[in-house]
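The structure is shown first.

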Amino acid sequence: MEAVTLTPEERFRSAFADNYADLLRFAQRRVDPHHAEDVAAEAFLAAWRRVGDLPDDPSDARAWLFGIVRNCLLNDRRSARRRDALAVRLADASASGRRCDADEDFLARRVDVAAAWASLPDAEQEVLALAVLDGLTSAQAGAVLGISAAAFRLRLSRARAALRVRLDGEAEPTTPTMQETRR
């Protein structure tokens, strides 16, 4: 009897059907149950991008998928730590500021920046942090996010505009935010 060769799409569908529930439970034990669905989806997106690396043996494929979920969880934790560290740095910067005899406008502006930053969605904070705080080029930051340099520059432009709107106190942004463009 001749062995049936599955297409990459068929192998992926089979791996998804066989393993999604277990991978979701794996993620739910490690993060908020509602966030676990996002982690599982991110893992399967990564698996789809690397479908050529998907092992043929179902048990090997299962272990490979668990490894991808684990890496997604680790990436998520690193992102959370970076966001927390940034929030602390912003809070420290606005709290430490200058002495009482310092320029009040400077202190007010720092407080405004910290408040505007806190009001930005996580995705816009991440884009700004990669460019400004981490000093990455568009190509490097795009690689971190899994997008092209041009797409990163567009997101950065929108994030800067959103921050500017919040700093200027305008009611509504004049350009769409990243979340609005994803719909």
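The model is predicted. R11 is part of helix 1, which spans residues 8-28. With a relative accessible area of 17%, R11 is buried, because the cut-off for buried is under 20%.

Leaving aside residues up to four places away in sequence, R11 is in contact with L6, V51, L54, P55 and D56.

## Aromatic pairs of F12

Across the whole structure, a search finds six aromatic pairs. One of the pairs joins F12 and F44 in an edge-to-face arrangement, with 6.0 Å centre to centre and 85 degrees between the planes. This pair links distant parts of the chain: F12 belongs to helix 1 and F44 to helix 2 (residues 33-49), and the two are 32 residues apart. F12 and F44 are both buried.

F12 also pairs with W48. The geometry is again edge-to-face, here with 5.1 Å centre to centre and 70 degrees between the planes. Because F12 lies in helix 1 and W48 in helix 2, this pair ties together parts that are 36 residues apart in sequence.

## Accessibility and cluster

F12 has 15% relative accessibility and so counts as buried. W48, at 38% relative accessibility, counts as partly exposed, because its value falls between the cut-offs of 20% and 50%.

The residues of both pairs belong to one aromatic cluster, formed by F12, F16, Y20, F44 and W48.

Methods: Residues are numbered from 1 along each chain as its sequence is written. This is a predicted model: local features need pLDDT of at least 70, side-chain atom pairs count only at pLDDT 80 or more; totals for chains, interfaces and linings use all residues. Side-chain values use heavy atoms; hydrogens and water are left out. Helices (H or I, at least four residues) and strands (E, at least two) are DSSP runs, numbered from the N terminus. Buried means under 20% relative accessible area, exposed over 50%, partly exposed in between (1.4 Å probe, protein chains only). Contact means heavy atoms within 4.5 Å. Rings of Phe, Tyr and Trp (its six-membered ring) pair if their centres lie within 6.5 Å; planes under 30 degrees apart count as stacked, over 60 as edge-to-face and the rest as tilted.
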